[in-house]
Amino acid sequence: MSTTIAQKRGIGSMLWDYLTTVDHKKIAVLYLLGGGFFFIIGGLEALAIRIQLIKPANDFVSAGFYNELLTMHGTTMIFLAAMPLVFALMNAVVPLQIGARDVAFPFLNSLGFWLFLFGGLLLNASWFLGGAPDAGWTAYAPLSTTSPGHGVDFYVLGLQISGAGTLIAGINFLVTIVNMRAPGMTYMRMPLFTWTTFIVSALILFAFPALTVGLFLLMFDRLFGSGFFDASMGGNSVIWEHLFWIFGHPEVYILILPAFGVFSEILPTFSRKRLFGYTAMVFATVLIGFLGFMVWAHHMFTVGLGPAANSIFAIATMAIAVPTGIKIFNWLFTMWGGSIRINSAMLWTLGFIPSFTIGGMTGVMVAAAPADYQYHDSYFIVAHFHYVIVGGVVFGIFAGLHYWWPKMFGKILDETLGKITFWTFFIGFHLTFFIQHFLGLMGMPRRYWTYGADQQLELGNVISTIGAFFMAIGAIVFIYNVIITTAKGEMVSGDPWDGRTLEWATPNPTPHYNFAQTPLVRGLDPLWIEKTEGRKGMTPAEPLGDIHMPNPSILPFIMSLGLFIAGFGFIYQIDDPRWLIVAIVGMGILLGAMFIRSVKDDHGHHIHKEDLEKGAGL
Amino acid sequence: MSQEHTLNPEVFPDEPEKATLEGKNKFLGFWFFLGGETVLFACLFGTYLALQGSTVGENTAENLFGLELVFIMTMLLLTSSLTSVYAMYHMKNNDFAKMQVWLGITVVLGLAFLGLEIYEFYHYITHYDFTFRSSAFGSAFYTLVGFHGGHVLFGLLWIITLMARNAKRGLNLYNAPKFYIASLYWHFIDVVWVFIFTVVYLMGKVG
Amino acid sequence: MKGWMGKIRALFLLSLLSLILSGCGKENLTAFTPKGYGAEVSLNLIIISLLVMIFVFIVVMVIYTIVLVRYRQKKGQEDFVPKQTEGNKALEVIWTVIPIILLIVIAVPTVTATYDLASTDDKEDSLNVNVTGNQYWWHFNYGEQEIQTSQDLYIPVGEKVYLNMISSDVLHSFWVPSISGKMDTNPENENTMFIEAYEEGVYYGKCAELCGPSHSLMDFKVIAVSREEFDTWVEDMQNVDPEATPETASAQEGQEIFQNSCIGCHAVGSQASAVGPNVTNFGDRSMIAGVVEYSKENLIQWMLNPEEFKPGNKMTGNYSVPSPEEAEKIADYLLQLQPSEITPESATE
């Protein structure tokens, strides 16, 4: 019903609806669109990199442009593609999984998205305004502080803005999960995806401020003449490395843990068996999150921190392999004795297990500090983190999208196309990255624009580039699949997979208040419990009554726009102080919108019981 | 109608800041936010400690800092934290007028603190030629203390806005959480200052 | 220990050889065939950890295969509901404890090797070279011997050589994969590491920390020669007279131009040259600027437009470009700067 109404309303009002929405399900769609857009951009950058490296002494792109490409590929994929896509899944699923009607702070949820989007746009605007940042996604000082032009300024401001959005999203999920769970949904009954979201949100909360500080210091050095990383003023560039990795290592877990959560949902559903070792899985998630903060200096083994620091961080890093191993074995034993159905979502999951195991193996290998003296900043590391981030996070996102697509959009993605996507992408992925382990040890450092013809590095690079094109084909087929399914797919029931968790208890499409009556949770896999007892749906925990829902608001969009404008002002004021006016105007818009938000009461609205009975809001 | 009633009950609850779901969410969310802020300041402190001695022949902590002024500033801020506690005490008793008075005193003390801080910076810049760009120490000092000062300014604007917005309509369960988290923020600022006083000023003067 | 490690390594390399068609990469560049102490320690650790990890991978894949073969839903089983197992304490203990043991197997040699490679016990008695990373070239200063060179690092074979490393601008990382793992050069503090080459030869060195557009063009060479040859080289280098008159007229004119113009940044002899590379033994090098084929034409072209070879270098725009004729004379002068018989060429023979 809602789709026909939406069509009648026309594009203008639909746009306004999405600009002002505070509904977590619509924000999930926005995150998906934004993240997907940047994923395509990051993918094109990757292809350009691979084309450049297909032969020795190639000049497909210039050396300077190559550095912009590699910087933007990394930055885009981490901050603007992987994280938002993960947030898309979290927004779509977590409130449903805990039986909530929305997140704790719907307004902030919207603000988080718009900050991410405008931060990403600001960062990418650099392409058209004199060149993108070129100091690597790690932006090590003093290269980043001395890099000419405004590229790195866009990096600093763009990430600062989108980082603020991420922090807000993290706090929002923390409070949502603590305060908004349905009756009976105890912590140890929460689905694993909710658990990983919870831990990840805590990681965001404690990791992102380190990046915030780092970016501020970098901005001060570049734009306001301070000397944090300038050796001639007594500064110390290693501080940046510490701050960056205190954030950067937990960031890796911020990405991978939700993927773990996705797989922990898919495997029980399609094995028709409850998750093996649930308690151990929860414990392992918490432990990985905790250890994630103790290991940042393993990115800095060659910085010269000394043998004591290197040894401690090496051992701490190896320790993470234990909870990760626990997870792998628990997944395998979830399938053991089950009734395994293999479809696209499951294929990505099954592809993930060996791929990620290899990534984890090389993870232990790079943790051995003296071995890392060889791996560090070589293609071995490139191979390792792509095995973890593509083989883990991207596979997880694809798996999650196939799995929850009917929940988000009411239709099942085409299975044949899904399988074509998987196999091309999976083969391409291993072709691209497996050989890079060897390239690294054969003496190819990462971030190399070119290599000598006499260095026997050509064959490996050719194979790698061919693999990259396979991945591109896989991604294109997926996009085609999305379009075809949207246009021609059939609406399915609210529970097409014989699901176990609460999100499958809502009808299709899910009404904007999610649950007319809050469900009563009676154990792990609450929907499965009801089904085994012969009931069709959840037992309500409350009588039908008025539902309180938040009001939509355009203010998050305006606030983010203000920061976006201010960003340009801050960047260009160093050329011409008059740009400070732009910065002030932008900040004025932000503060003005905050002021309005602060003084204007927003009590939300009620959907009345009578209207609910008539099916309003569907 | 029902909303009006839930937000203005006849008997004010014991913890008006947590009486509604929105209030509970605000309360918890703000504590989480302060957790993040703690990391933010921890990073700034770490940076400051690493660069404390990087004076490259310019002014050092020892020749710059005078403890008298900083002591007065500390007393002002500590007292303002106490007055905001009184304000919250009156909020819980649903005594809006007294709450406003104590918040007003808090604001005055905060403004005095901020004035002295500005004077302090002005003094360093004009008398010692010690600026943000003098040395890595200078950058780290102004950044750490300045971030705190920025928090004080934001806190003051926040409390003033709340006081003005609600001056006419008084307390209810909708704005009680707002007052409460503003006072939480104010306490946090105070705690950070205690660390700044110890690490930057005391240790700078003694160590 | 070393014996069986060597055997395992031989076995490992053999299987690896069959794995990749191109073998293990280029001799004296690849880390797969170590020819120095650090590279050997690293490779031993790589092999230990890889073997342990391959064991884990096999275990995972065996279970994985069994599960997929045995428990796939078959036709007619669509309604089958498996037993809902909560977990298994014994199993969970096993896959917690065994990995811990395996990790200890890796952790012990890791810590030992970390301290081993960081030791500076005999630093005082060994050859010390001060290494400076620059955008985009390497400076080597033999403090005690009062020798300054760039791009080519001469070391005696079979001895520990201590490198005291710093950067003059941004971060770089000193990496000679066949001899040793890498160490960063930071602008604010000196890092120390030692290298020891087992065989005479010319080893490829690379910068391994993104340092700007020409990061990939910052190659250098480590030339390991016998102790006698090294002593000869040191003596030759010490005896260089920067004022010595070249033989040909063209080179003499070139010297004049060099000393009037280029000397602001470059140097010949034992004095430091902070801005550009020291060219004392330019004629002995095997590469121009580390990455360009060694020929007079290329050298002239470099002087006319260095940007073509190394984008973003510090020379472009900071010198008065010579005329082609002048450049040729300077080239003649530089090419005849051949103070020693000990060269990359002699080291490979």
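**A walk through the predicted model**

Leaving aside residues up to four places away in sequence, Ala399(A) touches Val262(A), Phe263(A), Ile266(A), Ala345(A), Trp348(A), Thr349(A) and Phe352(A); touching here means C-beta atoms, placed from the backbone, within 7 Å. This is a predicted model, where local features need pLDDT of at least 70 and side-chain atom pairs count only at pLDDT 80 or more, while totals for chains, interfaces and linings use all residues. Residues are numbered from 1 along each chain as its sequence is written, and chains are lettered from A in the order in which they are written.

Ala399(A) turns up again in the largest nonpolar core: of its 360 residues, Ala399(A) and Ala82(A) touch the most other members. Such a core joins buried Ala, Val, Leu, Ile, Met, Phe, Trp, Tyr and Cys residues through C-beta atoms within 7 Å, with buried meaning 20 or more other C-beta atoms within 10 Å of a residue's own.

Now for a helix pair. Helix 2 (residues 24-52) and helix 4 (residues 106-125) of chain A pack at about 15 degrees, axes 10 Å apart; helices are DSSP runs of H or I, at least four residues, numbered from the N terminus. The two are therefore roughly parallel to each other, a label for angles under 35 degrees. Their contact includes Leu30(A) and Gly34(A) from helix 2 and Phe113(A) and Gly120(A) from helix 4.

Over to chain B: its contact with chain A takes 32 residues from chain A and 30 from chain B. On the chain A side, helix 7 gives the most, with eight residues.

Note on methods
Buried ≥ 20, exposed ≤ 12 C-beta atoms within 10 Å, placed from the backbone. Contact = placed C-beta atoms within 7 Å. Axes fitted to C-alpha atoms, helices over the stretch in contact; angles between N-to-C directions. Parallel < 35°, antiparallel > 145°, perpendicular 65-115°, else oblique.
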